Every structure is written in C-alpha cells, then in structure tokens.
Amino acid sequence: MVGGPPGGPDDATLIAAAQAGDRGALDALLRRHYDRIWALCRRLAGNPADAEDATQEALIAVARGLRSFDGRAAFTTWSYRVATNACLDELRRRARRPVPQETQVDGASATVPDPGPLPDHVVERLDLDQALARLPDDFRAAVVLRDLCDLEYSDIAALLGLPPGTVRSRIARGRAQLARHLGAVGSSPGNPVGNHPPAPERPT
C-alpha cells in the first residue's frame with residue numbers, strides 16, 4: 001500500500017528521501033502515519049497514557065529502523081509490526097509498575113466532578129475499549145490487527161512471528177471472549193448501550 005495525499009509525495013518517495021537523510025521527509029512520513037499508529041496502540045494498550053508512551057516508542061523505532069526497511073513488505077505492515085512490538089513492551093512494563101494509591105486531598109479522597117452523561121457513540125467506544133482491555137495480551141493483539149487494522153492472516157502471522165494456525169486460533173478465541181465481555185458490558189445496570197452482537201467471523 002502506498003499512501004499519500006493527492007498531488008503530494010507518496011510513501012515510497014518519502015521513505016527514499018528519509019533513508020537518504022532528509023529529516024523533513026521523515027517528519028512528513030511520521031506525521032502521515034501517526035493517527036494510524038496511535039489508533040493501534042490505543043486499542044492494544046487499553047488506555048491513553050500507555051498508548052501515548054507506546055506510540056512515541058513506536059515512532060522512534062520507525063525512525064531508527066527506517067534505513068533497514070527494504071520494501072519487501074508494505075510500509076504499513078512493517079510499521080504495524082514496530083508499533084505492535086512497542087505496545088507489547090509497554091504492556092509488560094505496565095504489568096511491573098506498582099498500582100498508584102488513591103489521591104488524597106486534606107485527608108479525604110479527591111472528588112472528580114460529574115461531567116454528565118456521555119454521548120452514545122462515546123459510550124460504545126469505551127465499551128469496546130473496556131472489553132478489549134479484558135482480553136489476554138496475545139488474543140487482543142491478534143484481534144486488533146485483524147478486525148481493526150484489517151491485516152491478512154499471513155501478515156499477522158509474520159508480524160507476530162507465529163504459525164498461521166495459531167493466529168487463527170487466537171483470533172477465534174479472542175472474538176468469542178470479546179463477544180462475551182461486550183455482552184456483559186451492555187447488560188450492566190445504567191449502561192445506555194444495549195447488548196452488542198458477537199463479532200462476526202470474517203471470510204478468509
């Protein structure tokens with residue numbers, strides 16, 4: 001896949017220039033793909049703070065590794081691999097962090113003002129994020145790369161370094177767990193979003 005706005009340089013042109021030392025081309029390439037990498041990290045990491053850390057690490061890794069990019073894989077696939085690895089590293093670091101204690105103000109817990117009800121589309125997105133965050137890391141990575149990034153099974157297998165059969169199994173099991181989690185979220189008291197249907201099996 002070769003990206004680029006109409007009339008502007010495509011990815012291949014920016015990559016070649018960046019590999020030759022053009023910092024402006026590198027900056028343009030990273031800016032073009034920032035939203036896509038951020039979206040991947042947001043789904044994998046489960047919260048904006050860790051996603052921001054993972055995204056920054058991913059962009060640094062892309063910049064450092066770009067000279068070795070040989071074009072045999074699409075740049076999007078290669079950058080997804082870099083971003084996924086950065087996210088999984090961030091998840092492992094997160095698992096080792098101590099859980100912060102509740103903030104105290106003058107001996108009492110801090111009170112956060114109620115912002116009022118959220119729009120339905122925001123609640124739906126939060127439901128999905130919450131359900132994805134409950135998946136095991138291995139399942140979440142496979143499901144996100146397939147159903148949200150629309151990568152082929154062969155690309156996911158290469159990206160994660162797994163046999164295709166293992167990828168298919170993780171996606172199937174992850175989808176099943178995700179459907180159960182979404183159903184539980186949708187049926188919780190006070191939640192304005194109804195039950196979500198199970199994730200459909202995609203054609204191969």
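A residue counts as buried when its relative accessible area is under 20%, as exposed when that area is over 50%, and as partly exposed in between (1.4 Å probe, protein chains only). By this rule Cys41, at 0% relative accessibility, is buried. The model is predicted: local features need pLDDT of at least 70, side-chain atom pairs count only at pLDDT 80 or more, and totals for chains, interfaces and linings use all residues. Residues are numbered from 1 along each chain as its sequence is written, and side-chain values use heavy atoms, with hydrogens and water left out.

**Confidence**

- The mean pLDDT (the predictor's confidence in each residue, from 0 to 100) of the protein is 76, and 71% of its residues reach 70 or more.
- The pLDDT is below 50 over residues 99-123, a stretch with 13 contacts (heavy atoms within 4.5 Å) beyond near neighbours in sequence in the model.
- Residues 187-204 also have pLDDT below 50, and this stretch has 32 contacts beyond near neighbours in sequence.

- Not counting residues up to four places away in sequence, Phe75 touches Asp11, Ile15, Leu29, His33, Arg36, Val62, Leu66 and Phe69.

**Leu14**

- Leu14 lies in helix H1 (residues 11-19) and is buried, with a relative accessible area of 6%.
- Beyond residues up to four places away in sequence, Leu14 touches Pro9, Ala25, Ala28, Leu29 and Arg32.
- Leu14 and Leu29 are 15 residues apart along the chain, and their C-alpha atoms are separated by 6.2 Å.

**Cysteines**

- A search of the whole structure finds zero disulfides (pairs of cysteine sulfur atoms within 2.5 Å).
- The closest cysteine sulfur to that of Cys41 is in Cys87, 3.1 Å away, which is too far for a bond.
- Cys87 is in no disulfide and is buried, with a relative accessible area of 0%.

Definitions and conventions
Helices (H or I, at least four residues) and strands (E, at least two) are DSSP runs, numbered from the N terminus.
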